[in-house]
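We will stop at a few places in turn.

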Amino acid sequence: MSSPNQTNTNSLPFLLTGIPGLEDLHIWFSIPFCFMYIMTLLGNTMILLAVRLDKSLHEPMYYFISMLAVIDLIFSTAVVPKLLGVFWLGSREIVFEACFIQMFFIHTFTAVESGVLLAMSFDRYIAICNPLRYSTILTSSRTTQIGLLSLARGAAVMTPLMCLLTSLPYCKSRVIPHSYCEHMAVVKLACADPSVSDLYSIIVATLLVGTDSVFITISYGMILRSVLRLPCQEARLKALSTCGSHICIILLFYIGGLLSMYLQMFSFGLAPHIQVLVADFYLTVPPMLNPFIYGIKVKQIRRGIFRLLEKLAGLMFSHAY
């Protein structure tokens, strides 16, 4: 007789606490998160417009950068507007379906970003180790196919996890001690054994992130070996500089993700608000920093953004007069 009651509770909304124990400071925390979201929107939109409008950037490397920009926009938009609603308006309710849709987007595009970073390492390997065949191996259509394959892979592995999670009865507290529908925080509210979904998520995370990171490491190891064999120091520095931005993004993504995941799995004696803040910053800081890293490291992107800004300034000036 309890099963129908448990099933009915799944139609009730969850309640997000924001940052547990620091609710009185929500308005102050909202300022950096709002600033980071605005910078994320501006920076990644500029990247997309620069690549779209500048024909000299119509190459695989910049298409992959555009894919990262789209992923960053989706990441931030999936989390920050609702987070600011909690902080500013006290809008803590999130309906059952919306909670798992948010979770699906976060986890799916985490997997997609890992796939794109792997593709970028392959792109740099071909460009440096086999430059004469670069244009024939990585065509525009093949680059698009790689992006779509990364998206399909992410959706394919996360859809079963969402089915497992939504099938669980949530008859405990409806309060999620987090700023968004974080996987582990939501699962703790289930009143049935979540071991199957836990095992699936661990296997998927290990296979996806583990396999991608191993191949990325191998790619950059081979790149480093080839670069060190170059006779000219200037050529070596130029080759390394083209990989510098990619390595920064990779370290930011994987180290931040592992830190956030392990702090959610093992408290290490830290206060709950520390765990929540680390998870929040992991989903908001890298999307804001990525455009700046590319803008600083990749001079072609920087030039494309400057040309775009000059065009916008010219249009504004012409309309003003």
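**First stop: the cysteines**

Select C171: this residue is partly exposed, with a relative accessible area of 34%. (Buried means under 20% relative accessible area, exposed over 50%, partly exposed in between, using a 1.4 Å probe and protein chains only.) This is a predicted model, where local features need pLDDT of at least 70, side-chain atom pairs count only at pLDDT 80 or more, and totals for chains, interfaces and linings use all residues. Residues are numbered from 1 along each chain as its sequence is written, and side-chain values use heavy atoms, leaving out hydrogens and water.

A disulfide (a pair of cysteine sulfur atoms within 2.5 Å) joins C171 to C191, S to S 1.8 Å. C171 sits in the loop between α6 (140-166) and β3, and C191 in the loop between α7 and α8 (195-228). Helices (H or I, at least four residues) and strands (E, at least two) are DSSP runs, numbered from the N terminus.

Next, select C99 and C181. Their sulfur atoms are 2.0 Å apart, in a disulfide. C99 lies in helix α4 (96-129) and C181 in the loop between β3 and α7 (183-187), so the pair ties together parts 82 residues apart in sequence. Are they buried or exposed? C99 is buried at 0%, and C181 is buried at 1%.

**Last stop: the sheet**

Show the strands. Three of them form an open, mixed sheet in the order β2-β1-β3. Two strands pair if DSSP finds at least two bridges between them. Strand β1 (14-16) pairs with β2 in the antiparallel sense. Pick F14: its bridge partner in β2 is I94.
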